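Hello,

Here is the structure I promised to hand over. My notes follow below it.

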Number of protein chains: 2
Amino acid sequence: MAQTKEEMRMLIRAAMGDVKSDLIVTGGKVINVYSGEILSGQEIAVVQGRICYVGPSAAHTRGAETTIVDAGGLYIAPGFIDGHTHIGHYCRPFEHLQSFVARGTTAVVASCDELASVFGYRGLKLFLDEVKRHPVRVYSLVSMVVPQDPLLCNTATFSDEEFTQALADPGVLGAGEIVSWLRLTRCDEQLLERIGIARANGRIIHGHTAGARDQKLCAVAAAGISSCHEPIRMEDALERLRLGYWTMLREGSLRQDLEQTLKPMIEQKVSLRRVMLVTDSMTPDDVEKWGHMDHVVRRAIALGLSPMQAIQAVTVNTAMYSGLDQEIGGIAPGRFADLVFLEDLEKCHVREVLIGGEPVARDGESVIRVSPMTFPAAMTDSLGLQPNVSADMFQIPCAARESKLRVIELLNSTITAERMIQVTSVSGFVEAKVSEDLMKVAVFDRHKTGGKITLGFLKGFGAKVGAVGLSVNLDENALMIVGSNDADMACCANVLAECGGGIAVVNRGEVLEKAEFRLAGVASLEPWKTVAGRLRRIQSCLRENGAPFDKPLSPLSFLTFVTLPTLRITSRGLINAKERRIVPLFVDEPS
Amino acid sequence: MAQTKEEMRMLIRAAMGDVKSDLIVTGGKVINVYSGEILSGQEIAVVQGRICYVGPSAAHTRGAETTIVDAGGLYIAPGFIDGHTHIGHYCRPFEHLQSFVARGTTAVVASCDELASVFGYRGLKLFLDEVKRHPVRVYSLVSMVVPQDPLLCNTATFSDEEFTQALADPGVLGAGEIVSWLRLTRCDEQLLERIGIARANGRIIHGHTAGARDQKLCAVAAAGISSCHEPIRMEDALERLRLGYWTMLREGSLRQDLEQTLKPMIEQKVSLRRVMLVTDSMTPDDVEKWGHMDHVVRRAIALGLSPMQAIQAVTVNTAMYSGLDQEIGGIAPGRFADLVFLEDLEKCHVREVLIGGEPVARDGESVIRVSPMTFPAAMTDSLGLQPNVSADMFQIPCAARESKLRVIELLNSTITAERMIQVTSVSGFVEAKVSEDLMKVAVFDRHKTGGKITLGFLKGFGAKVGAVGLSVNLDENALMIVGSNDADMACCANVLAECGGGIAVVNRGEVLEKAEFRLAGVASLEPWKTVAGRLRRIQSCLRENGAPFDKPLSPLSFLTFVTLPTLRITSRGLINAKERRIVPLFVDEPS
């Protein structure tokens, strides 16, 4: 990623005034994240996309063709970086970037998990090809979710060779996130092998140490896992910071942690130089409502962080951790001319955004007009399922009249309990029971022929609908149908099989809401705002039908997430996450 | 440098208590440079030289063979790092490390300039071999002084191939320092080529931008030169910090800059996260008198820096800049167990030092007993000069009775002026004139056969001695004789030729003081304290004879330094540094 000799020569000559700059920005209040100062009377000169000069006068770099931009007293910040995020769900990556850029985000460190979990190495390459087209800089992480845990998960895989090859791609920054840290504390051979490959190549590895503490947290750090974005309380954040982790505090769609993590850390006056603010993903509806990194900065300031520190935590800190200190993260010679013009420091209102010196957004809208790539047909029809699912495929036979089921109970949006529930069979089958908020869950195997379906029960979802189906879930992205009757479940499955995946809500044979995710079943090919509207309507439909969650899709998409407590489900079976083993649905059945 | 899979496995197992640690340190006040806190009630466990656990109790890692060290309430800091230094002059590198370690220094980033300037690539390898033997971690920089400026300097050289090969050595961290930044602002092809090689290999490049500002400073930064240790005033420091340079503030033997740089920066409350404290070299006599990094920390605290920030500026900041964040710089899992036990935080009094968990120093003395390597004979007799130098070799013939000389005038310890002085020839020769403090300077070519001698004149040295000779100078390390009469100059040259180089003071045929630097003419093979004593006596002898400098050897060793103003001398000739050209001794002579 370093500059070539020719690029260096051009920059040096431009700095000296021997060649003229493409752009001079003048008249702004420049936010210097290195010294922590806001400096007036500075001019920024740009050549071939990089900053060649910052100082009192760029007149010596001014030529006949040089564009002069007067910032008119606005603040000028380095482009914001989302240091850990995901851009593969709901909308294609390109649409994410189009939306983020208008909020001041000029770079993201993103995993390729969604496409990789479905297509393996091909998915990674597809992701890299997709993001390359967009001016927002995407520094990719090679997935560790392929699979996070081969015992329990059912995703596509990378060979060690593919993993090594992937790390050599210039678009790839590192590897991670290691969600299955429990495997690491047990010295899982394959994990160690991959971490070893990444480290030997000088690549960083993002952690994900939710729930780890003390000796386990030490064990993960000792292996060179250098960051974590999972602290949800101040103690978590502080313990990670102290143990040398670059500590990412999250404010995104999955969780909003800043109030519980950042606020008390500010009060305790600990050093925040190794703290970054990240989203860990934002959904289209949330970005439309709140914003992206501008929102995160605003939120941090509202919680008591100084504007300078908030901006440092989404620019230079992130660049330093990511090994991108010479590329992005500050307004200085050699760095890309990624600049955000802010009307106001406290409110972080983004007026205009430049990437590589080119205008990319203005007044909340991207002005980027490049076209995204066309995905190969196989990528847009990949669920591997014919729309001939029948109701009886969801039947759970049970010879005994009374039996005890191992039921997934939702405790909140992410955490489940394992609940043992006594049920009575009807005509030799156990059924969902709306009156007791007991629904069936079915997960389809999308990778193997034969279409194996794992069946289980879910309590606590609360939505009184016939069925809701989704092919976006962590990190399986398998078709999952949750329902209260088999006919609606079959209908829902067929609706989604028909369009290659997505989200649908069905009641009494009628499709109430639907979003088609033709790209691998994980993302729509529609525009960002269209998808935002569909997601809002789906969430609202589920809430209106009784789901007690702000975002009812969230607990469903976590049902497959085998590293969170307690009971989970993938197409491999029902899973006890803590014990890392597959357990039977019927309690008395031998496992 | 990253850990192997086996090392990671061992660390993880030790963190979990599955294998037992070698060492547990308990009862200290642990200085956490990541969070900026001082934490009591923490235990540090170590296995195979690295920290595997830090936390409330390491009992689970304790086995029958585990050594327990009770810190007895002392502060425990991460080992100090000197982020930019030189360890090749006066004493061999090994002796430097022996001396530094007792002052809390457990790692240095050091150039191999001295041996490389004499022996080229062979000198670099020799340096790497030498430092490998000592427990202090030496992260080497590949010289850019071979030569800094091929027009003006006369040193050994590296081919591009050797340069590339050197960068691949695991002992090598990066390249630098680029003293001849003027060449860089002029896009010197070879410099760009080497910077390009270093950057493409992900290596850092240390700068040296003394005197550069505004557009020139931007040009150097734009080429990816990421640090500078040359700020001597706050404005210099602040300008570099703002331009994205990792800013090294120096307190060493060459210069003591902290009062002029750090103090006002503290007062101005700028962000110091990208500031490092470095020595840029310390001589044996100074280390004996002041200390090493402990001294630098003390000095910074005395100038108003908080002890935490001072320690951060010699540990984690340096590690982060140097790409060593996972290796050193903090007390956290995965890092080497390099620990400094301090009695007092303000005074930074070092009680004990561990490297890789092993005791290496106690109460100001190294307890390391490994033997240094034996240098090949060619390295200890390398001046390439027979001791048959005669007085007439220093004669400067001049046919005209009156003529005008271009004289090097010392303005202070480092900076010279070009002074035109009218002289009268005596019997066809121009001579030194003690009454006017006008001495001759002779520089011998040590690289080419034939023993070319460049002659010039020096004003302002002040020492009324027959001759002083030295083969340590920047970065030529050529034999230089400064004298007031040709006979003593010849005697001095012969004394040094006899022992392969060093420093000698001669008066009326008598050797007043002498230090033999058998290693390449740049370093003694004697113990540190012996050399410290000799240096003290030499400096004192010159002062007693009238030299108006605290350290009279210093201005002499800078006479060859072609990148400082104004007039310099190497075996290539008299040099106008600013114009980068060789100029004649006689003003009227065509250049």
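**Salt bridges**

Glu526(A) and Arg534(A) form a salt bridge, with their closest N and O atoms 2.5 Å apart. Here a salt bridge is a side-chain nitrogen of Lys or Arg within 4 Å of a carboxyl oxygen of Asp or Glu. Salt bridges with shared partners also join Lys5(A), Glu6(A), Arg9(A), Glu189(B) and Glu193(B) into one network.

A word on the basis. This is a predicted model, where local features need pLDDT of at least 70 and side-chain atom pairs count only at pLDDT 80 or more, while totals for chains, interfaces and linings use all residues. Residues are numbered from 1 along each chain as its sequence is written, chains are lettered from A and ligands numbered from 1 in the order in which they are written, and side-chain values use heavy atoms, without hydrogens and water.

The side chains of Arg9(A) and Glu6(A) meet in a salt bridge (3.1 Å, N to O). These two residues are three apart in helix α1 of chain A, so about one helical turn separates them. Helices (H or I, at least four residues) and strands (E, at least two) are DSSP runs, numbered from the N terminus. Arg9(A) is buried at 18% relative accessible area. Glu6(A) is partly exposed at 47%. Buried means under 20%, exposed over 50%, partly exposed in between (1.4 Å probe, protein chains only).

Over all chains, the whole structure has 79 salt bridges.

**Between the chains**

65 residues of chain A are in contact (heavy atoms within 4.5 Å) with 65 residues of chain B. Eleven salt bridges link chain A and chain B. One of them pairs Glu189(A) with Lys5(B) (2.6 Å, N to O). On the side of chain A that touches chain B, α1 (5-16), α7 (189-200) and α8 (214-222) are among the elements that each supply at least two residues. The largest share, eight residues, comes from α1(A).

**Inside each chain**

In chain A, look at α4. Among its buried residues are Tyr121(A), Leu124(A) and Phe127(A). What covers the buried residues of α4(A) includes α2 (93-101), β8 (105-111) and α5 (160-167) of chain A.

In chain B, look at Thr105(B). This residue lies in strand β8 (residues 105-111) of chain B. Thr105(B) is buried, at 0% relative accessible area. Beyond its neighbours within four places in sequence, the contacts of Thr105(B) include Phe80(B), Asp82(B) and His292(B).

Best wishes
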